[in-house]
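This report examines selected features of one protein structure. Please consult the sequence and coordinates shown below while reading.

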Amino acid sequence: MLALAGAALAADLRLPVRSRVEAFKGSGVWEEARLDEALPIPQTAILICDMWDRHWCAGATRRVAALARRMAPVIDAARAHGMQIVHAPSETMEFYKDWPQRQRMLRIVNIAPPPPLGLTDPPLPIDDGDGGCDTGDSFYKAWTREIAALPMGSADVISDDGAQIYSFLRERGIRNLLVMGVHVNMCVLNRTFAIRQMTNWGIHCVLVRDLTDSMYNPKDRPYVSHQRGTELVVEHIERYWCPSAASGDLMQALAAAR
């Protein structure tokens with residue numbers, strides 16, 4: 001652990017990120033903007049949002065399983081470079097109550113967050129008012145833990161509490177949060193530990209755009225494919241909340257940071 005931390009101290013991630021700019025304010029015309037960000041590894045963490053073992057929507061369960069297979073090697077590579085991993089599977093803390101990764105978070109001293117920045121945004125570009133399920137299922141609490149396909153390292157931590165995670169980040173001097181998981185129009189934006197709240201508390205978030213998914217039914221507005229619905233929400237986040245990055249670029253940045 002000490003060797004990894006020492007190697008990380010000298011390493012920055014040179015990560016290409018994508019944002020959206022409205023050059024002429026009020027025009028409603030947003031253009032893609034690309035930047036290279038230098039993220040010091042010791043000041044950067046990955047947060048995994050609500051990658052549950054099972055979802056009430058069968059379509060979501062299948063997509064999460066496929067997403068986990070793509071996500072696992074990224075998490076392994078980040079951890080190998082000394083990056084902190086935060087697992088945030090909401091409403092499953094009872095399952096993890098005796099895990100050392102959970103116990104570590106319970107010992108965190110509370111650090112009061114600053115006054116929120118007061119950032120707001122327009123409504124989402126998709127209609128998810130009926131839950132967004134595209135396989136016709138009815139809601140029930142299906143999840144018990146994070147999906148087992150995701151690796152859990154000894155230095156990882158587990159929490160679903162925004163104030164607790166914020167305190168942990170501050171204690172470790174972490175300023176940057178790479179967010180991945182589901183669902184981008186719901187939990188990834190709205191959980192107490194997720195993009196809206198952390199951004200309002202001054203944490204620099206980056207959405208890993210190809211390691212997320214939406215709860216969207218193409219039968220609802222704006223009547224596009226599920227993939228396009230997800231892309232529209234990603235673009236919304238890039239406009240109003242934070243930039244995004246591709247997992248392939250993240251892997252290349254990790255390799256170059258050796």
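The sections below describe a predicted model, with attention to one strand, the aromatic pairs and the cysteines.

Strand E6 spans residues 176–182, and seven of its seven residues are buried, so the strand is largely enclosed by the rest of the structure. In general, side chains of a regular strand alternate between the two faces of the sheet. Both faces of E6 are covered. Asn176, Leu178, Met180 and Val182 are buried on one side, and Leu177, Val179 and Gly181 are buried on the other.

E6 has parallel pairings with two strands, E3 and E7. Six bridges connect it to E3, which comprises residues 44–49; in this pairing Thr44 stands opposite Asn176. Six bridges also connect E6 to E7, residues 204–213, and here Leu177 stands opposite Cys205.

## Aromatic pairs

The count of aromatic pairs comes to eight. One of them is formed by Phe95 and Tyr96, whose rings are edge-to-face, at 4.9 Å centre to centre and with 80 degrees between the planes. The two partners can be described by their accessibility: Phe95 is partly exposed, with a relative accessible area of 35%, whereas Tyr96 is buried at 0%.

Ring pairs also link Trp52, Trp56, Phe139 and Trp143 into a cluster.

## The disulfide

How many disulfides does a search of the whole structure find? The search returns one, and it joins Cys57 to Cys133 with an S to S distance of 2.2 Å. The link between Cys57 and Cys133 is right-handed, with 85 degrees about the S-S bond. Cys57 lies in the loop between E3 and helix H2 (58–80), while Cys133 lies in the loop between helix H3 (100–106) and strand E5 (157–158); the pair therefore ties together parts that are 76 residues apart in sequence.

Cys49 is buried, with a relative accessible area of 1%.

Cys205 is likewise in no disulfide, and its nearest cysteine sulfur, that of Cys242, is 5.6 Å away.

Definitions and conventions. Residues numbered from 1 in each chain as written. Predicted model: local features only at pLDDT ≥ 70, side-chain atom pairs only at ≥ 80, totals over all residues. Heavy atoms only, no water. Buried < 20%, exposed > 50% of the residue type's maximum accessible area, 1.4 Å probe, protein only. Helix = DSSP H or I, 4+ residues; strand = E, 2+ residues; numbered from the N terminus. Pairing = 2+ DSSP bridges. Phe/Tyr/Trp six-rings, centres within 6.5 Å; stacked < 30°, edge-to-face > 60°. Disulfide = S-S within 2.5 Å.
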